[in-house]
Amino acid sequence: GRALLILLLSATVSLLGGLIFGYELGIISGALLQLQTDFHLSCFKQEILVSALLIGALLASLVGGILIDRHGRRRAILVSNLVLLVGSLILTLARSFIGLVIGRMTVGFAISVSSMACCIYVSEMVAAHQRGLLVSLYEAGITVGILLSYALNYIFADVDEGWRYMFGLAIAPTAMQFLSILFLPVNPVKLSSWDSDCQKGLIQLQNTEDREVAKREPYKEKHYSFLDLFRTRDNMRRRTLVGLGLVLFQQFTGQPNVLGYASKIFHSVGFQSNSSAILASVGLGAIKVVATLIAMAFADKAGRRALLMAGCVVMAISVTTIGLTSRIAPLAMARDCKAAADPNASHSLTQHPLMPSASQAAVSPIPPASSAVKSQADPGFAASGSLRRVFESTQNRAVVPDSSLIQKRGLVGQSKKETVESTGSPFGGAPWAEHMVLNWITLLSMMAFVSAFSIGFGPMTWLVLSEIYPAGIRGRAFAFCNSFNWAANLLISLSFLDLIDAIGFSWMFLLYGLMGVLAVIFIYLFVPETKGQSLEEIDQQFSRKR
């Protein structure tokens, strides 16, 4: 009974950790719509607020590893829960922009430490044949958290100061995680206590064969310094290469941006603005949850390597398809930021000078395919529209960078105007139906991309990272790779629009496709299969020179 309890509590900790992480990532898109009117945020301030979480997370991944290795995984999770409670309170009670930024950075710091500690803790707590399932549960938690945040964004969209509730509700799962981890034993792999804990019967998750092996040759904990990550000792350099390769390819295959532009792609298929945005976020969110559940089921059967390679192949194909279809039926992409319409908001236009091709999108942030084409065919058409029109539309439509949820605030009238505008045939003599087919192909490719990510890179990267390092340096190694993950995420999210301006949307996606192909080759050559092996066996397998 005790083993089952430990198993259930480990699962709860993993799931709640992911849930909080996903919730905090997703909630900002809805909160920003209200914050920009309540605090009169300029584009630049909105970008700062969105990036604050990433910056906090990046800081945490620089120091979190030391905390996890020195003070143990369990304590690191407890501390991160307390920090998260403080951050959520700061956000809920915030009265100024600075307060919001500090709150978001605190929250980012906490979820980053928690994300590393949870994956490592759970991977060390459970038997080899259940590890894939339980660590993947963390990623499933993230997808459910994102979905939950979109639902709450929608519920609180019309509530006065609804953003306070959005930020405050994170306190509930945090408190639950704090309580459930109090009942779990201190980490089994703490220096030599692993062996004694097994003998005391504290950890009965290992089956009898595992226990026999453990008694025969007690696992010797080695001590590592941070610099050992780059040395040849125990093949550490190769492990670091595997870890960094996985986190960088995870970002450079374009996942953060494909999701951010979901609502545009949905709109081009013909879903009108309000429903389009909600469908984009909720529909894709649901697909992600289902795909992650599939990954959980197969992580310990098919193996990590197989799922990673299959996911990458599908991602490369689908993102290339999006690139090719958008060459034939272009989607207009533009800077989605709108400053709060207050008297001195005019500087937002100087900040993002309207590109000729993007100017139409400044009037309608989610352009139907036809108005997108109109502005590309005749750049003067949109640019000549008076600034007054742009400002009117900013009041109507507050759109957030990286938001796939355009709220239900005064958008319906706007969408009717757009529909009237978009009834004409989009291309000279080209039949509308042909482009409809292409748009649907784009949409299906997008769904395939999201599912492939959630089966491969999403859960498997963190699973492999929590397995391949020796226990003595696992926290610092995980944190080191994680810091590259956050930095790459920040870089890609911030440079996406500039890159599109420079090389064009379709080339951007073809570039992601190429990255996917490179990722498959990388995984084939360097990532070993770790399913069904104990952490000690994986360590020994790596230590032998191969």
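User: Which residues does Ser318 touch, not counting residues up to four places away in sequence?
Analyst: Ser318 touches Ser445, Ala448 and Phe449. Keep in mind that this is a predicted model.

User: Where is Ser318 found?
Analyst: Ser318 is found in helix α14, which covers residues 304-328.

User: Buried or exposed?
Analyst: Ser318 is buried. Its relative accessible area is 4%, and the cut-off for buried is under 20%.

User: What about Ser445, where is its place?
Analyst: Ser445 sits in helix α21, residues 432-455. Ser445 is buried too, with a relative accessible area of 7%.

User: What is Ser445 in contact with, leaving aside its neighbours within four places in sequence?
Analyst: Ser445 is in contact with Ser318, Thr321 and Ile322.

User: How far apart are Ser445 and Thr320?
Analyst: They are 125 residues apart in sequence. In space, the distance is 8.9 Å, C-alpha to C-alpha.

User: Let's zoom out. How many helices and strands are in the protein chain?
Analyst: There are 25 helices and zero strands.

User: What share of the residues is buried?
Analyst: Buried residues make up 59% of the 546 residues in the protein chain.

User: What part of the contacts links residues 24 or more positions apart?
Analyst: Such pairs account for 84% of the contacts with a separation of 6 or more.

User: Now helix α1. At what angle does α1 cross α4?
Analyst: The axes cross at roughly 155° and come within 10 Å. Helix α1 spans residues 2-38, and α4 spans residues 97-125.

User: Why call them roughly antiparallel?
Analyst: Angles over 145 degrees count as roughly antiparallel. The α1 and α4 axes cross at roughly 155°, so these two helices are roughly antiparallel to each other.

User: Is that crossing left-handed or right-handed?
Analyst: The crossing of α1 and α4 is left-handed.

User: Which residues in α1 and α4 meet?
Analyst: From α1, they include Ile6, Val13, Gly17, Phe21 and Leu35. From α4, they include Leu100, Val107, Ile111, Cys118 and Met125.

User: How do the residues of that contact divide?
Analyst: The contact of α1 with α4 has 13 nonpolar, five polar and two charged residues.

User: How do α1 and α7 cross?
Analyst: Their axes come within 9 Å and cross at roughly 155°. Helix α7 covers residues 171-182. So α1 and α7 are roughly antiparallel to each other. Their crossing is left-handed.

User: Which residues meet there, in α1 and α7?
Analyst: Leu9, Thr12, Val13, Leu16, Gly17, Leu19 and Ile20 are in α1. In α7, they meet Pro173, Thr174, Met176, Gln177, Ser180 and Ile181.

User: And how many are nonpolar, polar or charged?
Analyst: By class, the contact of α1 with α7 has eight nonpolar, five polar and no charged residues.

User: Tell me about Gln177. Buried or exposed?
Analyst: Gln177 is buried, at 0% relative accessibility. It lies in helix α7.

User: What does Gln177 touch, not counting residues up to four places away in sequence?
Analyst: Gln177 touches Val13, Leu16, Gly17, Ile20, Ile77, Asn81, Ser114 and Cys118.

User: How far apart are Gln177 and Ser14?
Analyst: Along the sequence, Gln177 and Ser14 are 163 residues apart. In space they are 8.8 Å apart, C-alpha to C-alpha.

User: Where does Tyr23 lie?
Analyst: Tyr23 lies in helix α1. Tyr23 is buried, with a relative accessible area of 4%.

User: Which residues does Tyr23 touch, not counting those up to four places away in sequence?
Analyst: Among them are Gly145, Leu148, Leu152, Tyr165 and Ala170. The C-alpha atoms of Tyr23 and Ala170 are separated by 7.5 Å. Along the chain, Tyr23 and Ala170 are 147 residues apart.

User: Where is the place of Glu161?
Analyst: Glu161 is in the loop between α5 (128-155) and α6 (162-168). At 33% relative accessibility, Glu161 counts as partly exposed.

User: And what is phi for Asp234?
Analyst: Phi of Asp234 is near 50°, again a positive value. Asp234 is found in the loop between α9 (208-216) and α10 (236-252). Asp234 is buried, with a relative accessible area of 16%.

Technical notes: Residues are numbered from 1 along each chain as its sequence is written. This is a predicted model: local features need pLDDT of at least 70, side-chain atom pairs count only at pLDDT 80 or more; totals for chains, interfaces and linings use all residues. Side-chain values use heavy atoms; hydrogens and water are left out. Axes are lines fitted to C-alpha atoms, for helices over the stretch in contact, and angles run from 0 to 180 degrees between N-to-C directions. Helices (H or I, at least four residues) and strands (E, at least two) are DSSP runs, numbered from the N terminus. Angles under 35 degrees count as roughly parallel, over 145 as roughly antiparallel, 65 to 115 as roughly perpendicular and the rest as oblique. A crossing is left-handed if the near helix is turned anticlockwise from the far one by less than a right angle, and right-handed if clockwise. Contact means heavy atoms within 4.5 Å. Ala, Val, Leu, Ile, Met, Phe, Trp, Tyr, Cys and Pro count as nonpolar, Asp, Glu, Lys and Arg as charged, and the others, Gly among them, as polar. Buried means under 20% relative accessible area, exposed over 50%, partly exposed in between (1.4 Å probe, protein chains only).
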